[in-house]
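Subject: Structure handover

Hello,

Here is the structure for you to look over. My notes on it come after the model.

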Amino acid sequence: MTHLQFAADQLQLANASTVLRLSLHVLAAAVWVGGQFVLAGLVPTMRGFGEGAPQKVAQAFGRLSWPAYWLLIITGFWNYLAVSGTHASSGWSAAFGIKMLMVVIAGVGALMHTKATTPKARGMYAGIGLLGSIAALVLGIAIAG
Ligand code: HEM
């Protein structure tokens, strides 16, 4: 086996632009998805801080989470452009399409959550937003090449 044939089988380092693109996408996903988990976990403790405390903290989280969501959309399009030169299988295209739907459900769920007026509706939309976000994340892993 020649040296060149051996090199083709080696794991290769990603180039700098791929590292930047995926690092920004994954960092934004960490803030958007991870923040929802942290916030949900802290709600019982925040209730002890008085009437409206969870809402105030959720509003403060919104100042971090919405920029992270828009960064996911921007870097997501960058991801798509970066991989669009390669022929996609029908499975990849289907997963990508469902991921786009999940991104919309995640954003709409989170938005409705902020607008909801009853605790029941707030909880339901928070759940929809979180499930959509997790699905978008898992499908992102599935399509990452
Ligand atoms: C809630 C929003 C989103 C979340 C949580 C999310 C999460 C992720 C994650 C975790 C990965 C895997 C990264 C890796 O393992 O390298 C990924 C990959 C990917 N995402 Fe997203 N994403 C979101 C929105 C978007 C949007 C809006 C688009 C397109 C417009 C997009 C397009 C892609 C593509 C094409 C890949 C594969 C990249 C590659 O193989 O180089 N994502 N996403």
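Below are the ground rules, then the overall fold, the helix pairs and the ligand shell.

This is a predicted model, in which local features need pLDDT of at least 70 and side-chain atom pairs count only at pLDDT 80 or more, while totals for chains, interfaces and linings use all residues. Residues are numbered from 1 along each chain as its sequence is written.

**Overall fold**

The protein has five helices and zero strands. Helices (H or I, at least four residues) and strands (E, at least two) are DSSP runs, numbered from the N terminus. The order along the sequence is α-α-α-α-α.

The C-alpha atoms fill a box of roughly 70 × 30 × 20 Å along the principal axes. The radius of gyration is 19 Å, whereas a compact globule of 145 residues would have one near 15 Å. That value is taken over C-alpha atoms, and the globule rule is 2.2 Å times the number of residues to the power 0.38. Of the 145 residues, 17% count as buried. Buried means 20 or more other C-beta atoms within 10 Å of the residue's own, with C-beta atoms placed from the backbone.

**Helix pairs**

Axes here are lines fitted to C-alpha atoms, over the stretch in contact for helices, and angles run from 0 to 180 degrees between N-to-C directions.

- α2 and α3: the axes come within 8 Å and cross at roughly 160°. The two are therefore roughly antiparallel, a label for angles over 145 degrees. Their crossing is left-handed, meaning that the near helix is turned anticlockwise from the far one by less than a right angle. The contact has 20 nonpolar, six polar and two charged residues.
- α4 (residues 90-115) and α5 (residues 119-143): the axes come within 7 Å and cross at roughly 155°. This pair is therefore roughly antiparallel as well. Its crossing is left-handed. The contact holds 18 nonpolar, six polar and two charged residues.

Classes: Ala, Val, Leu, Ile, Met, Phe, Trp, Tyr, Cys and Pro are nonpolar; Asp, Glu, Lys and Arg are charged; the others, Gly among them, are polar.

**Ligand shell**

There are 24 residues around the ligand, and Ala29, Gly76, Asn79, Gly140 and Ala144 come nearest. A residue counts as near if its C-beta atom, placed from the backbone, lies within 6 Å. Two or more shell residues come from each of α2 (16-47), α3 (53-83), α4 and α5. α3 gives the most, with eight residues. By class, the shell has 18 nonpolar, six polar and no charged residues.

Best wishes

Terms used:
Angles under 35 degrees count as roughly parallel, over 145 as roughly antiparallel, 65 to 115 as roughly perpendicular and the rest as oblique. A residue is buried if 20 or more other C-beta atoms lie within 10 Å of its own, exposed if 12 or fewer, and partly exposed in between; C-beta atoms are placed from the backbone.
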